[in-house]
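Here is a short report for a reader new to this structure. Please look over the sequence and the 3D view before reading on.

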Amino acid sequence: MTSTGAGVCPHCGWPDAGEPFRLLSRHATAAGRTEWTRCGCGSLQVRVVDARGTRVVSRGGPAAAAGDVRS
């Protein structure tokens with residue numbers, strides 16, 4: 001996973017603050033919460049929600065389609 005500060009998904013260009021994304025899990029922290037989400041393109045994202053707002057701090061690439069898996 002790579003950190004990001006661009007404000008858009010590097011894989012599909014969707015704004016980090018926009019929908020669609022799917023919430024996978026949410027965890028309380030001392031400063032707010034951490035959310036694991038999926039972007040509309042399928043990339044996994046880690047979002048931090050605290051007094052500074054919501055931001056994507058790490059993300060992976062979109063999952064490979066079933067036909068794209070190499071053995």
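The sections below go from the whole chain to single residues.

## Overview

This is a predicted model. The chain has zero helices and four strands. Along the sequence, these elements follow the pattern β-β-β-β.

Of the 71 residues, 27% count as buried. The chain exposes about 4600 Å², and 55% of that area comes from carbon and sulfur atoms. Take the contacts between residues at least 6 apart in sequence: 30% of them join residues at least 24 apart.

## The sheet

The four strands form an open sheet. Their order is β1-β2-β3-β4, and the pairing is antiparallel. Two strands sit at the edges, β1 and β4 (53-59), and each of them pairs on one side only. On average, neighbouring strands are turned by 25° against each other, direction ignored. In general, strands of a sheet pair through backbone hydrogen bonds.

Look next at one pair of strands. β1 covers residues 21-28, and β2 covers residues 32-39. They pair in the antiparallel sense over seven bridges. R22 stands opposite R38 in β2.

## Around D16

D16 lies in the segment before β1. Is D16 buried or exposed? D16 counts as buried, because its relative accessibility is 11% and the cut-off for buried is under 20%.

Which side chain makes a polar contact with the side chain of D16? The partner is R59, at 3.0 Å. D16 also touches G7, V8, C9, Q45, R47 and V56, leaving aside residues up to four places away in sequence.

## Cysteines without disulfides

A disulfide is a covalent bond between the sulfur atoms of two cysteines. How many disulfides does the structure hold? The count is zero.

The sulfur of C12 has its closest cysteine sulfur in C39, 3.6 Å away. That is too far for a bond, because a disulfide needs the two sulfur atoms within 2.5 Å. C41 is in no disulfide either. Its nearest cysteine sulfur is that of C9, at 3.7 Å.

C12 counts as partly exposed, with 39% relative accessibility. C41 is partly exposed too, with a relative accessible area of 26%. Both values fall in the partly exposed range because that range lies between the 20% limit for buried and the 50% limit for exposed.

Terms used:
Residues are numbered from 1 along each chain as its sequence is written. This is a predicted model: local features need pLDDT of at least 70, side-chain atom pairs count only at pLDDT 80 or more; totals for chains, interfaces and linings use all residues. Side-chain values use heavy atoms; hydrogens and water are left out. Buried means under 20% relative accessible area, exposed over 50%, partly exposed in between (1.4 Å probe, protein chains only). A polar contact is a pair of N or O atoms within 3.5 Å; within protein, one must be able to donate a hydrogen and the other to accept it, and residues adjacent in sequence count only if both atoms are side-chain atoms. Contact means heavy atoms within 4.5 Å. Two strands pair if DSSP finds at least two bridges between them. Axes are lines fitted to C-alpha atoms, for helices over the stretch in contact, and angles run from 0 to 180 degrees between N-to-C directions. Accessible areas come from the Shrake-Rupley method with a 1.4 Å probe; for residues, only the protein chains shown count as cover.
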